[in-house]
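I opened the notebook for a single chain and wrote down what I looked up, in the order in which I looked it up. Cut-offs are given where a term is used for the first time.

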Amino acid sequence: MFNIKEFLDNYKIKLEEKRQANWENFKSKFSAETQEKINKWEESYKNYKESALCEVIETVVFVVVMVIIIRFFVGEIRWIPSGSMHPTLLEGDRIVVERYSRFFSGPDRGDIMVFYPPSTKLSNKPLPLLARLTGIFCKDIAYIKRVVGMPGDKIEIKQEKDGSAYVYINDKKYEEDYIKSVYEYPSCPDPEANMMFLASDQIMKCGPFQLDEDSYFMMGDNRGNSQDSRYWGTLKKDRFIGRAVFVFWPFNRMKTLPKLK
């Protein structure tokens with residue numbers, strides 16, 4: 001059977017041999033002294049190409065390693081793709097996400113966190129892992145929401161007669177002055193529907209939810225337009241990427257995102 005790969009490889013070898021033969025024939029027309037100078041030039045050029053290639057490889061490896069170290073231990077840049085965090089963050093905002101504090105403590109209530117939701121399946125195979133560490137061609141979907149419920153909390157959303165709604169933490173109303181509106185919550189389903197659609201991520205659940213010692217309740221500031229823990233449940237600590245600390249673009253929205261007390 002005709003092997004086209006083998007044919008092409010042999011063709012390339014013959015072309016190189018012919019080129020080298022023509023070059024040697026060309027050099028033979030010069031004096032011995034000139035040929036020696038040409039040979040030295042060829043050797044120098046060969047060494048230069050090899051050293052330049054090594055330098056490029058070393059530079060690329062160094063850059064990749066530094067990107068991984070900075071992104072994993074220090075911080076990274078993210079952009080806001082949706083309106084789920086209005087009015088705190090708007091679509092197109094560029095933010096700085098710090099990652100170093102997670103090595104010392106977990107997030108606090110009120111922190112704006114970037115994380116991988118439960119629906120994002122994280123592969124530890126070499127290429128997906130490298131993409132996640134460097135941010136290059138990373139396809140893993142990340143969310144940004146605010147920490148509302150802490151481990152051990154009882155969380156419940158209660159709606160008032162005037163159409164407003166509030167989060168209750170351990171049976172106490174949680175005052176939030178950063179959300180877009182208390183009147184834009186979707187309606188809580190009745191108790192029977194709440195149980196019936198408990199496993200659905202299309203129906204908002206109002207609780208009460210009892211968080212275990214490794215779970216957090218995440219909510220967007222735009223309560224009327226945010227896919228968060230009301231729909232897909234609580235979040236484990238190991239899914240956090242880092243805390244949003246600063247908006248640097250656009251310039252007219254530049255601001256810090258302070259921790260709430």
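**Entry 1: a lysine in a loop**

I looked up lysine 125 to begin with and found its place in the loop between strand 3 (112-115) and helix 3, where helices (H or I, at least four residues) and strands (E, at least two) are DSSP runs numbered from the N terminus. Lysine 125 is exposed, with a relative accessible area of 59%; buried means under 20% relative accessible area, exposed over 50%, and partly exposed in between, with a 1.4 Å probe and protein chains only. I then took the C-alpha to C-alpha distance from lysine 125 to glutamate 176, which is 41 Å for a pair 51 residues apart in sequence.

**Entry 2: basis of the values**

I note that this is a predicted model, in which local features need pLDDT of at least 70 and side-chain atom pairs count only at pLDDT 80 or more, while totals for chains, interfaces and linings use all residues. Residues are numbered from 1 along each chain as its sequence is written, and side-chain values use heavy atoms, with hydrogens and water left out.

**Entry 3: the chain as a whole**

I looked up the secondary structure and found five helices and 12 strands in the chain. For the overall dimensions, I recorded a radius of gyration of 30 Å, whereas a compact globule of 261 residues would have one near 18 Å; the radius is taken over C-alpha atoms, and the globule rule is 2.2 Å times the number of residues to the power 0.38. Along the principal axes, the C-alpha atoms fill a box of roughly 105 × 50 × 35 Å.

Of the 261 residues, 33% count as buried. The accessible surface comes to about 17,000 Å², and 60% of that belongs to carbon and sulfur atoms, the areas being from the Shrake-Rupley method with a 1.4 Å probe, where for residues only the protein chains shown count as cover. I also checked the contacts (heavy atoms within 4.5 Å): among those between residues at least 6 apart in sequence, 64% join residues at least 24 apart.

**Entry 4: the disulfide**

Which cysteines form a disulfide? I found that cysteine 188 and cysteine 206 do, with their sulfur atoms 1.8 Å apart, and that the structure holds one disulfide, the criterion being a pair of cysteine sulfur atoms within 2.5 Å. The link of cysteine 188 and cysteine 206 is left-handed, with -95 degrees about the S-S bond. Cysteine 188 lies in the loop between strand 7 (172-174) and helix 4 (191-196), and cysteine 206 in the loop between helix 4 and strand 8 (209-210), so the pair ties together parts that are 18 residues apart in sequence. Cysteine 188 is partly exposed at a relative accessible area of 23%, whereas cysteine 206 is buried at 6%.

I looked up arginine 78, which lies in strand 1 (residues 75-79) and counts as partly exposed at 21% relative accessibility. Leaving aside neighbours within four places in sequence, I found arginine 78 in contact with several residues, among them Arg71, Asp93, Arg94, Tyr116 and Ile241. From arginine 78 to glycine 135, which is 57 residues away along the chain, the C-alpha atoms are separated by 9.9 Å.

Within helix 3 (residues 126-134), I noted Ala131, Arg132 and Thr134 as buried.

**Entry 5: backbone angles**

Where are the cis peptide bonds that I recorded? One joins histidine 86 and proline 87, with omega about 0 degrees, and proline 87 has its place in the loop between strand 1 and strand 2 (94-98). Another runs from glycine 207 to proline 208, with omega near 10 degrees, and proline 208 lies in the loop between helix 4 and strand 8.

I also looked up positive phi values in residues other than glycine, and noted asparagine 170 with phi near 55 degrees and aspartate 171 with phi near 70 degrees. Asparagine 170 is in the loop between strand 6 (165-169) and strand 7, and aspartate 171 has its place in the loop between strand 6 and strand 7. Asparagine 170 is partly exposed, with a relative accessible area of 40%, and aspartate 171 is partly exposed, with 48%.
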